[in-house]
Structure formats: C-alpha cells, structure tokens
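I opened this notebook page to record what I looked up in the model, going from the whole chain down to single residues. The entries follow the order in which I looked.

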Amino acid sequence: MSATTPVRVGVIGGGIMGSGIAETAARAGCEVTVIDVAAADTVLPRIGTSLRRAVSSGKLSADDARATLSRISAAPNLSVLDEQTVIIEAVPEIEELKLDLFARLDDIARPDALLATNTLSILVARVAAATTRPEKVIGVHFFNPVPVLPLVELIPSMLTSPETVDAAVRFATGVLGKRVIDAKDQAGFVVNALLIPYLLSAVLMLDAGVATAEDIDQGMVDGCAHPLGPLALIDLIGIDTTVAIADALYAEFKEPHLAAPPALRRMCDAGILGRKSGHGFYQYTN
C-alpha cells in the first residue's frame, strides 16, 4: 500500500466524520465508497459543499475538487464492500451497532482487507472479537474536521497483528498524509482521555455560575491560546458524543471527574446536541 498505488476504501457511515474521512481519502487519490442509507442524498452534497469551501479558500483547485468528487460513490448497504482494501467504520458511538457491523463484514470483506474502527472510546478488542479475523482489526481515530486536522490515533488491540499495524501506518501516513500517534487500547485513548475531563470541568463551571459560556471560552482562547473554547468545542464534537465518551471513561476508570454532569445529560435528553442540531451552548444557523 503506497501513495502511488490507488487504494479502494470503504467508509461505513455518512455523518460528519464519515464524510470527512471519505473526502480526505478521495483527495489523496483513493477510490471511495460511502455506505449510508442516505448517502446519495446527503453525504455527497455535504462533501461537495466542503470541497467548494476548499476551492474558495484557495486550498484546492476546481479541477482537483471535481476529480475528488468523481472518486466517491455511495451505496445503501454493505454488500458492495467485497473488493475494498481498507474499510473504515464511522457510525455513531453505539457499541452494539459497531459489533453488528464487524460481524457482518466477515461474510463480505476480502480476506486481506484492513478493518478499521473510528471509535472514540469503545475498546478495539471488543470490536475485533465480533469478527473471525480479529488480527485484521485496528482503531484508526480521526479528528474533526478530518480534511483539516492532521492527527490520527492508531489503536491496536491485544489481538491486532503487527502486519495490520504496519498496513494502518502506511495508509494513514503514506496515503492520507496524516500524522500518527500510537495509543493503548483503553477508554478515551490519548486525546479524549485528556480532553474530556477538561470539557466536563467547563460545563461544571458554567452550571455553578462561575462565568458565562462566552467568558469561559474566551478565557481559554485568549489566555491559553486554544483555537476554540471548551463549550464551543463540545458543540462541535456533539453533546451526545461527549456524554457517550464520558460514560465510557467513567465505566472503565470509575473516577468522579469523568462522570458527565447532569446539566450536560439533560441537554442531550432534550435533543440539544450542539452544531448538529443547531443549538447547544450557542445557537447555530445553517
């Protein structure tokens, strides 16, 4: 697998992360198939909008944008993933859903396919155990927005073979041009294990009336040179996703500071999910 050899990539899930992964792979020259029930209606237009932004900002030529979009196809089910050399799962952070998908891939994916999960917090070993080829499964955690942020966490489980790790490194660095860090297969891995407690602290501070959302965020942007304040970042990640990661961290480590604050859980229950719903700690318009 090299940067000069076209790679056939399957991306399962057409949400923000799946669309970003598909766009990134297609911009790197891969032939990409996105699996999502609404892929043709929502995913391809979303990627097209992202590419137009890249063109208008001067980061991509119009010809490259057209070529990128031509390398992306969409399908509603997994059955077309029988020839892909790399398959990346990017569905919502629901363990039962991920396990079901990987079990079904056993009967579809080619024997030498690299099977990657873009999980945020679910242990890779649990996902791998759902297949008859756990040595082929590895965590490949991208960061949003995928076409912009350079980092990928690689998370092998105790079942992942060295050959699979090497193949994942070659794909992430040599094909996609990403920067890789290695992480242990534990809840939160590296980045979220450090990030989530910080984000939860900001919610607790807001709920206690210490400062407004605007002042908390401005303090971290101007005082610590963060590109985005913690509450605005939760809105970007998704309030439901933040709660899911916090729950996974708390389930594994049982540390009180890892528990999702009640205020955050109430927002999630009310459908106030951040940017994706148009309303979080801030209001958003399309």
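Entry 1, a glycine after a helix. I began with G271, which comes just after α11 and takes a positive phi of about 80 degrees. I note here that I am working from a predicted model.

I then asked which residues of α11 are buried. I found A263, L264 and M267 to be the buried residues of this helix, and they cover an arc of only 100 degrees around the axis, which puts them on the same side of α11. When I turned to the other side of α11, I found P262, R266 and D269 exposed there. I also looked up what covers the buried residues of α11, and the list includes α7 (191–207), α9 and α10.

I stepped back and counted the secondary structure, which comes to 11 helices and eight strands. The radius of gyration of the chain is 19 Å, close to the 19 Å that the globule rule gives for 286 residues, so the chain is as compact as a globular protein of that length. Along the principal axes, the C-alpha atoms fill a box of roughly 55 × 45 × 30 Å. I noted that buried residues make up 46% of the 286 residues, and that 67% of the contacts between residues at least 6 apart in sequence join residues at least 24 apart. For the accessible surface I wrote down about 13,200 Å², of which 57% belongs to carbon and sulfur atoms. As for charges, the chain has 23 positive and 33 negative ones, and their mean positions are 5 Å apart.

I went to residues 95–105, which form α4, and found K98, L101, F102 and L105 buried. These residues cover an arc of only 95 degrees around the axis, which puts them on the same side of α4. What do the buried residues of α4 pack against? I found that they pack against the strands β1 (8–12), β4 (86–89), β5 (114–117) and β6 (137–142), and also against helix α5 (124–128).

Is V124 buried or exposed? Its relative accessible area is 0%, so I count V124 as buried. Leaving aside its neighbours within four places in sequence, I listed its contacts as T117, T119, V137, I138, G139, I155, S157 and D185. I also took its separation from P45, which is 79 residues in sequence and 31 Å in space, C-alpha to C-alpha.

I found a cis peptide bond joining N144 and P145, with omega about 0 degrees, and I placed P145 in the loop between β6 and β7 (151–156). Next I checked A225, a residue other than glycine whose phi is positive, near 60 degrees; A225 lies in the loop between α8 (213–224) and α9 (230–237), and it is exposed, with a relative accessible area of 66%. Last I checked K254, also a residue other than glycine with a positive phi, here near 55 degrees. K254 is found in the loop between α10 (239–253) and α11 (262–269), and at 53% relative accessibility it counts as exposed, the cut-off for that being over 50%.

Methods:
Residues are numbered from 1 along each chain as its sequence is written. This is a predicted model: local features need pLDDT of at least 70, side-chain atom pairs count only at pLDDT 80 or more; totals for chains, interfaces and linings use all residues. Side-chain values use heavy atoms; hydrogens and water are left out. Helices (H or I, at least four residues) and strands (E, at least two) are DSSP runs, numbered from the N terminus. The radius of gyration is taken over C-alpha atoms; the globule rule is 2.2 Å times the number of residues to the power 0.38. Buried means under 20% relative accessible area, exposed over 50%, partly exposed in between (1.4 Å probe, protein chains only). Contact means heavy atoms within 4.5 Å. Accessible areas come from the Shrake-Rupley method with a 1.4 Å probe; for residues, only the protein chains shown count as cover. Lys and Arg count as positive and Asp and Glu as negative; His and the chain ends are not counted. The place of a charge is taken as NZ of Lys, CZ of Arg, CG of Asp or CD of Glu. The arc is that of the directions from the helix axis to the C-beta atoms.
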